[in-house]
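Hello,

Here is the structure I promised to pass on.

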Amino acid sequence: MQFESAGSSPLWSCLRTIPECRRYPEIWFGLILADSLIVIAWVWDKLKNGRVHPALGYVGVFVILKQTCEVIAFDSPLWQVVPKELYDLLTS
């Protein structure tokens with residue numbers, strides 16, 4: 001079985017036609033699509049067990065907040081300078 005690149009997969013072909021996904025892919029793919037699975041797990045846990053398990057709740061909130069901060073800071077100058085300086089420090 002050959003590996004298909006993301007550009008030729010049926011899911012990508014479908015999603016790239018949605019205008020919002022094309023304008024803001026870092027938000028749609030890095031935040032909404034990824035974190036929707038956490039929200040679905042919360043809903044399933046609430047319906048199935050009557051409550052959300054504390055580990056799923058706390059870790060889910062932490063992951064959503066962390067990814068939101070990453071998406072907000074992604075193109076900031078500080079986000080680009082710090083890794084470059086760390087790379088220069090570690091490779092010289």
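**What I found**

Of the 92 residues in the protein chain, 12% count as buried, meaning under 20% relative accessible area, with exposed being over 50% and partly exposed in between (1.4 Å probe, protein chains only). Please keep in mind that this is a predicted model, where local features need pLDDT of at least 70, side-chain atom pairs count only at pLDDT 80 or more, and totals for chains, interfaces and linings use all residues. Residues are numbered from 1 along each chain as its sequence is written, and side-chain values use heavy atoms, with hydrogens and water left out.

The chain has five helices and zero strands; helices (H or I, at least four residues) and strands (E, at least two) are DSSP runs, numbered from the N terminus.

Now to a helix pair. The axes of helix 3 (residues 25-49) and helix 4 (residues 54-73) come within 10 Å and cross at roughly 170°. The axes are lines fitted to C-alpha atoms, for helices over the stretch in contact, and the angles run from 0 to 180 degrees between N-to-C directions. Where they meet, helix 3 brings residues including Ile27, Leu31 and Trp42, and helix 4 brings residues including Leu56, Val61 and Ile64; contact means heavy atoms within 4.5 Å.

Finally, leucine 86 lies in helix 5 (residues 77-91). Leucine 86 counts as partly exposed because its relative accessibility is 46%.

Best wishes
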